[in-house]
Amino acid sequence: MQLLVNFFIVLTTLLSMLWASTTIAAPREIPDARVIEQSERSKVFQDHTVHFSVFNSAFVPVDVANIYQISRADNQVLINISVTKTGGDASHLGLPAQVTGTATNLIQQMQTLKFQTINEGKATYFIAPLRHTNEEVFNFAIDVTPEGSEQPLPLKFSRTLYVKDSQ
């Protein structure tokens, strides 16, 4: 279980490095990620902060994918959600919650996201797979209800998704 926590820490570091790059990509390559502002990676509510990311499922190592039965594909991303307490002790990695949501493309085709809960000791993450075409734009609408809360925390964001070139 610690393996997945370490994987997400490494993945977050790698994604941060990619987001820092702003060069123009060569044809048939996935464009470099643009810099994503903090407001586009998390949303602060009164008592909680919801962190979110979207990354290609092919980035998940095979052994981790097997443990959590994650399908790896060049045309599939994983939506990763975690929730923490706002302020106070920032040492926790993720709190239990109920997570539901949808992804809608520009021609209004909606897919219900099926979140899988990943418990890693004191950390809880929620991931959902989403298949897509190259350069497809999705609008995400996700409700996160932290354990012990009655009101869902609404989260909305958009991402342009790219098919990972398998060459």
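Predicted model: local features only at pLDDT ≥ 70, side-chain atom pairs only at ≥ 80, totals over all residues.
**Notebook: strand pairing, cores and aromatic rings**

I began with the pairing of strands and noted that strand E6 (residues 116-120) and E7 run antiparallel to each other over 5 bridges. Two strands are taken as paired if DSSP finds at least two bridges between them. Helices (H or I, at least four residues) and strands (E, at least two) are DSSP runs, numbered from the N terminus.

I recorded the basis of the entries: residues are numbered from 1 along each chain as its sequence is written.

**Entry 1: E7 and its partners**

I looked up the bridge partner of Ile-118 in E7 and found Tyr-125. The hairpin of E6 and E7 has 2 residues between the strands, and Gly-121 there takes a positive phi near 70 degrees. I then found that E7 also pairs with E3, in the antiparallel sense, over 6 bridges. In that region Val-77 stands opposite Leu-130 of E7.

I asked how many residues of E7 are buried. The count is 7 of 9, so E7 is largely enclosed by the rest of the structure. Buried means under 20% relative accessible area, exposed over 50%, and partly exposed in between (1.4 Å probe, protein chains only).

**Entry 2: nonpolar cores**

I define a nonpolar core as a set of buried Ala, Val, Leu, Ile, Met, Phe, Trp, Tyr and Cys residues joined through side-chain atoms within 4.5 Å. The largest such core has 24 residues, and Leu-130, Phe-140 and Ile-142 are among those with the most contacts inside it. Strands E2 (48-56), E3 (76-85), E4, E7 (123-131), E8 (136-146) and E9 (153-161) each supply at least two residues of this core. Apart from it lies another core, of 11 residues, including Ile-118 and Tyr-125.

I listed the contacts of Leu-130 (heavy atoms within 4.5 Å), not counting residues up to four places away in sequence; among them are Val-77, Ile-79, Ala-103, Leu-113, Phe-140 and Leu-161.

**Entry 3: aromatic rings**

I counted 3 aromatic pairs. Rings of Phe, Tyr and Trp (its six-membered ring) pair if their centres lie within 6.5 Å; planes under 30 degrees apart count as stacked, over 60 as edge-to-face and the rest as tilted. Phe-52 and Phe-157 are stacked, at 4.3 Å centre to centre and 20 degrees between the planes. Phe-52 lies in strand E2 and Phe-157 in strand E9, so this pair ties together parts that are 105 residues apart in sequence.

The ring centres of Phe-140 and Phe-157 are 4.9 Å apart with planes at 20 degrees, so this pair is stacked. Phe-140 is in strand E8 and Phe-157 in strand E9, 17 residues apart. Phe-140 counts as buried at 2% relative accessibility, and Phe-157 counts as buried at 8%. Ring pairs join Phe-52, Phe-138, Phe-140 and Phe-157 into a cluster.

**Entry 4: Thr-100**

Not counting residues up to four places away in sequence, Thr-100 touches Phe-115, Ala-141, Ile-142 and Asp-143. The C-alpha atoms of Thr-100 and Ile-142 are separated by 5.7 Å, although the two residues are 42 apart along the chain.

Definitions and conventions:
Heavy atoms only, no water.
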